[in-house]
Amino acid sequence: MRTRLVAALVAVSTLLLTSGCVAADDGDATVTVGLVESLSGDNSAYGEESHKGFEFIIDKINEEGGIESLGGAKIKTETSDTASDPTTAATETRRLIGLKGASLIVGTLLTKEMSAVAPVADETKVPVLSLFAGGTDSENLYTMGLPYGRGYAQTMVDYVDYLNKHEGANIKTAAMVGSDYEAGQQVDIELKKRLPEIGVEPVARVPLPTGGTDFKPQVTKLNGIKPDVSLGLVTTQDGITLHQARAATGSQLLFAGGTAGFSDYSVWEALGDKTAQKVLTQNMFAMTSFSPDADQAHLGQFLKEAKAAELGVPIGQNFVIGAQAAWVVKDLLEKAGSEDQEKILQAFPEVDIPAGSEHLYLPKADGIKFGRDRFLTDVTAIFTEWHEEGTQDVVWPEEFASAKVSKLNDG
């Protein structure tokens with residue numbers, strides 16, 4: 001009898017070890033995912049909203065049976081606040097791996113935080129999924145963000161080309177106007193390189209000091225240069241400050257930029273209806289990774305459920321990217337069939353959330369897949385127009401458009 005009992009215990013132990021799961025107090029197996037979130041500090045809008053979106057879907061996944069390939073193991077999240085500080089991001093990543101046993105790190109990382117976390121991932125060999133930032137050479141870090149060149153810059157260039165060829169825009173000159181940090185700087189470099197390919201001359205670069213409180217000097221300089229369009233990557237807070245300066249100076253220049261600083265609904269709320277109606281709906285197009293108005297199957301039902309949950313954050317781009325990342329984690333763990341870090345890393349190229357899937361929330365014609373460069377294979381974004389009631393229409397690309405361009409010649 002004792003022999004059979006020992007054999008049974010050994011069998012159970014072996015099953016737990018080979019599955020890579022840890023038994024929780026209630027008897028359910030769990031897989032620990034560490035969340036490195038900017039819940040405070042300059043990037044808190046990214047962290048707070050995406051965190052809520054991620055946890056909203058993780059709860060749904062756990063309620064619906066967890067990870068099937070791991071016998072229904074639930075996803076257990078351990079969260080740390082980076083305070084939008086790169087050093088803290090690295091320290092907290094190391095803590096989540098060492099003390100909390102995280103097999104995968106998911107981060108609302110912008111460029112500086114990502115650059116600090118990447119060496120920790122390389123040292124520990126723990127895979128990291130970045131929701132926003134790209135640009136690292138780490139083989140252990142995958143990203144849902146856009147690359148500086150063929151993602152951000154090329155999308156802006158393609159849209160300007162579309163306006164010229166299909167909307168009679170006659171855009172011949174452009175200024176680079178991006179937040180003055182690594183990502184914004186790199187996008188400006190790529191814009192300068194790519195704009196001449198469509199016959200548009202880059203005439204100036206007017207950077208926005210990150211975290212600045214008054215951009216009227218920058219807008220006044222632009223008013224003097226008079227480019228046909230101003231393009232760039234702008235953070236949420238810098239976007240708010242930029243649009244306040246546009247309103248204060250009465251600028252009528254055309255802006256077409258991204259992402260959160262132009263497109264996120266929190267920007268409208270921060271500006272207030274009067275200022276937002278003055279500047280967001282006039283002579284501006286917003287590049288974004290997501291819009292609730294995108295012509296896309298299953299999106300409406302998801303947004304309805306998220307709004308009904310009353311989660312206390314805007315259901316915008318950041319929230320949806322967080323929610324999308326949770327389904328990526330689900331598919332990743334299903335493919336890995338283990339919480340072993342190496343197996344999870346090897347499973348990234350197998351992730352596949354196809355077009356038409358009820359779990360696809362971002363407008364990606366090719367769905368969600370990762371390429372050999374560890375970026376998504378589909379790194380295109382969309383452009384939207386704001387309307388006076390604080391809503392947006394998708395105007396490009398045509399396969400996701402909900403309306404035609406209507407604001408190009410306003411003002």
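The legends below describe several close-up views of a predicted model.

The model is predicted, so local features are given only where pLDDT is at least 70 and side-chain atom pairs count only at pLDDT 80 or more, whereas totals for chains, interfaces and linings use all residues. Residues are numbered from 1 along each chain as its sequence is written, and side-chain values use heavy atoms, with hydrogens and water left out.

**View 1. The largest nonpolar core and a second, separate one.**
A nonpolar core is here a set of buried Ala, Val, Leu, Ile, Met, Phe, Trp, Tyr and Cys residues joined through side-chain atoms within 4.5 Å, and buried means under 20% relative accessible area, exposed over 50%, and partly exposed in between, with a 1.4 Å probe and protein chains only. The largest nonpolar core holds 87 residues, of which Leu129, Phe285 and Phe302 touch the most other members. Helix 13 (residues 317–336) gives the most to this core, contributing twelve residues; helices (H or I, at least four residues) and strands (E, at least two) are DSSP runs, numbered from the N terminus. With contact taken as heavy atoms within 4.5 Å, and residues up to four places away in sequence not counted, Phe302 touches Phe56, Ile57, Phe319, Val320, Ala323 and Tyr361. A second, separate core has 25 residues, including Leu222, Ile240, Leu271 and Met284.

A salt bridge is defined as a side-chain nitrogen of Lys or Arg within 4 Å of a carboxyl oxygen of Asp or Glu, and the structure holds 14 salt bridges. In one of them, Arg95 is joined to Glu92, and their closest N and O atoms are 3.0 Å apart. Arg95 and Glu92 are three residues apart in helix 3 (residues 86–98), and are therefore separated by about one helical turn. Arg95 counts as partly exposed at 29% relative accessibility, whereas Glu92 is buried, with a relative accessible area of 16%. In helix 13, Lys335 and Asp331 lie four residues apart, about one turn of the helix, and they form a salt bridge whose closest N and O atoms are 3.1 Å apart. Lys335 is partly exposed at 36% relative accessibility, while Asp331, at 16%, counts as buried.

The side chains of Arg205 and Asp180 meet in a salt bridge, at 3.2 Å from N to O. This pair links distant parts of the chain, since Arg205 is in strand 8 (residues 201–205) and Asp180 is in the loop between strand 7 (173–176) and helix 6 (182–194), 25 residues apart. Arg205 counts as partly exposed at 35% relative accessibility, and Asp180 likewise counts as partly exposed, at 33%. Elsewhere, Lys60, Glu64 and Glu305 are linked in a network of salt bridges.

Taking the expected span of a helix as 1.5 Å times one less than its number of residues, the 13 residues of helix 6 should span 18 Å, and its end C-alpha atoms are 18 Å apart, which agrees. The buried residues of helix 6 are Ala183, Gly184, Val187, Asp188, Glu190, Leu191 and Arg194. Seen down the helix axis, these buried residues fall within an arc of 165°, so they line one face of helix 6; the arc is that of the directions from the helix axis to the C-beta atoms. The buried residues of helix 6 pack against helix 4 (111–124), helix 5 (148–166), strand 7, strand 8 and strand 9.

The peptide bond from Gly258 to Thr259 is cis, with omega near -10°, and Thr259 is placed in the loop between strand 10 (255–258) and helix 9 (260–263). The peptide bond from Trp396 to Pro397 is also cis, with omega near -5°, and Pro397 is in the segment after strand 13 (392–396). Ser84, a residue other than glycine, has a positive phi, near 60°; Ser84 is found in the loop between strand 3 (74–81) and helix 3, and is buried, with a relative accessible area of 14%. Lys226 also has a positive phi, near 55°, and is found in the loop between helix 7 (216–225) and strand 9 (229–233), where Lys226 is exposed, with a relative accessible area of 61%.
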